[in-house]
Amino acid sequence: MENIENTLDLLNQGSALMAQEKYEAAIEKFSKAVDESPKEEECYINLGNAYSCVNKYDEALSNFKKALLLKKDSVEAMFSIGNILYLQDDIVGALKYYNKADETKEMTADMYDVVASMFAN
């Protein structure tokens, strides 16, 4: 991270705001973190998560894809893209990214639970 202390501070502030469900304020913090460290995948993941919480799925998807460009094997980015595509009713696209995430062998039990619950119906 270019300015590690400031970026980490912004990420921590944004995460605290997310926990308080202050998503727009979190978006501001995470956007500043991206500006500070535009080559850090984690900044884009956090910004994408905040956008998804306010149903701004196109913005979320854009940030998750930027994260994936920075770290091609990011299971979190792949999984998050799958989630957004699922929410946008692109089931085939979602499955493609869930499968890519699974191929990394780094998916967590919670991730598998989310996918299973989506397709249980």
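A residue is called buried when its relative accessible area is under 20%, exposed when over 50%, and partly exposed in between (1.4 Å probe, protein chains only). The structure is a predicted model, in which local features need pLDDT of at least 70 and side-chain atom pairs count only at pLDDT 80 or more, while totals for chains, interfaces and linings use all residues. Residues are numbered from 1 along each chain as its sequence is written, and side-chain values use heavy atoms, with hydrogens and water left out.

**Ile-27 and its surroundings**
- Ile-27 lies in helix α2, residues 23-36; helices are DSSP runs of H or I with at least four residues, numbered from the N terminus.
- Leaving aside residues up to four places away in sequence, Ile-27 touches Leu-47, Ala-50, Tyr-51 and Val-54, where contact means heavy atoms within 4.5 Å.
- Between Ile-27 and Asp-73 there are 46 residues in sequence and 25 Å in space, C-alpha to C-alpha.

**Cysteines**
- Zero disulfides are found in the whole structure, a disulfide being a pair of cysteine sulfur atoms within 2.5 Å.
- The sulfur of Cys-53 is too far for a bond, because the closest cysteine sulfur, in Cys-43, is 17 Å away.
- Cys-43 is buried, with a relative accessible area of 0%, whereas Cys-53 is partly exposed, at 34%.

**Phe-119**
- Phe-119 is found in the segment that follows α7 (109-118).
- The relative accessible area of Phe-119 is 34%, so this residue is partly exposed.

Technical notes: Helix = DSSP H or I, 4+ residues; strand = E, 2+ residues; numbered from the N terminus.
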